[in-house]
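These are my notebook entries on what I looked up in one structure.

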Amino acid sequence: MHLAILLPVLAAAAVHGQGKGLGCPPPAPILLSTTKSGVLPVLPTPFSGVETLEGAIMEKGPPNPDYTPVNGPAPTQSNPAGATYRADLPSTNFDDCTGSTVTGSITVSSSSDGNGAAISVNFEGLPDVATYGPFVYHIHDLPVPADGDCTATLGHLDPQNGGEYYPCIPSTPENCQVGDLAGKYGSISTSSFSLDVTDPFLSTAAGNPASVAGRSIVIHSSNTTRLTCANFQMVSGGSNMTMPNATVPASPSASSVVPATGVGAVAGYSFAAVVAGVAAFFL
Ligand SMILES: [Cu+2]
């Protein structure tokens, strides 16, 4: 390759991995110096702004144990029995320049006692950790559109408006963003990753501001680049769902095995499929 062609390629590659490796170049960072819900709900003083990439802060502020979200600490959720949502990662990643395709799923079910949600994470094929990790993952506000654009999921699920400037302190998870799963339970530093944990603050009730319904999961590289994403699909709405002119069907328990096909075939890309599925459920 001619040197004049090679140099811009190398420069772009260095930006993507913060100089650590090759990959697709991300969008240019944007300096954020004003309040923005889900990112900067309050401005620390003194403050000269932070760089953001794809809507996320690239370098968080210092840990601040005195900080609480604008809307207060997250409340414990009382969830409908049997409600289960699952997000299956698509077979093609949004950023496919790492030499590895991340696959797997995350399941969120009402906990057995109804307090909070049981989260089961199984991810495979994470890229080279030394180059792209550690990886973080979050529940994001909006679903992935049909074109698979992970950027369109916007920021983290954050009904308490804590923002992401101050890092999540795992010992006080009620002050973390509800959707900041990596912050509360640790980032990923392995090519395969499994986690089973109960989160008190995540809702499985449709319409609840802290609900996983209608949300998405996003996995990021260490510089916040979005590697892959998928929508949460309803496996079971749970016992609290009401259906007009119909009897609510018996729901499987939260610990029942989710179907191996069907839901997975929908993959994580089609919000239209989610809408259609929900609509079909009510009709
Ligand atoms: Cu995220």
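I began with the cavities and counted two of 30 Å³ or more. On a 1 Å grid over the protein atoms alone, a cavity is a set of points where a 1.4 Å probe fits but cannot get out, and lining residues have an atom within 4 Å of a point. Grid points are joined across faces, edges and corners, and a volume is the space filled by probe spheres set on the points. The largest cavity holds about 150 Å³ of space, and of the 16 residues that line it, Tyr 166, Pro 167, Cys 168, Asn 175 and Cys 176 are the closest to its centre.

I noted that the model is predicted, that local features need pLDDT of at least 70 and side-chain atom pairs count only at pLDDT 80 or more, while totals for chains, interfaces and linings use all residues. Residues are numbered from 1 along each chain as its sequence is written, and side-chain values use heavy atoms, with hydrogens and water left out.

Next I looked up the disulfides, for which the rule is a pair of cysteine sulfur atoms within 2.5 Å, and I found two of them. Cys 168 and Cys 176 form one, with their sulfur atoms 2.0 Å apart, and this link is right-handed, with 80° about the S-S bond. Both Cys 168 and Cys 176 are buried, where buried means under 20% relative accessible area (1.4 Å probe, protein chains only).

The other disulfide joins Cys 150 to Cys 229, with 2.1 Å from S to S. I asked myself why this disulfide is left-handed; the torsion about the S-S bond of Cys 150 and Cys 229 is about -90°, so that is its hand. Cys 150 lies in the loop between strand S7 (136-140) and helix H3 (181-185) and Cys 229 in strand S10 (residues 226-231), so the pair ties together parts that are 79 residues apart in sequence. Helices (H or I, at least four residues) and strands (E, at least two) are DSSP runs, numbered from the N terminus. Cys 150 and Cys 229 are buried too.

Last, I asked which protein donors the copper ion has, donors being N, O and S atoms within 2.8 Å of the metal (3.2 Å for Na, K and Ca), and since water is not among the atoms, sites may look incomplete. I found His 138 (ND1), His 140 (NE2) and His 220 (NE2), lying 1.9 to 2.0 Å from the ion. His 138 in strand S7 and His 220 in strand S9 (residues 216-220) are 82 residues apart and link distant parts of the chain.

Definitions and conventions
Buried < 20%, exposed > 50% of the residue type's maximum accessible area, 1.4 Å probe, protein only. 1 Å grid on protein atoms, 1.4 Å probe; cavity = no way out; pocket = protein on both sides within 12 Å on 5 of 7 lines; lining within 4 Å.
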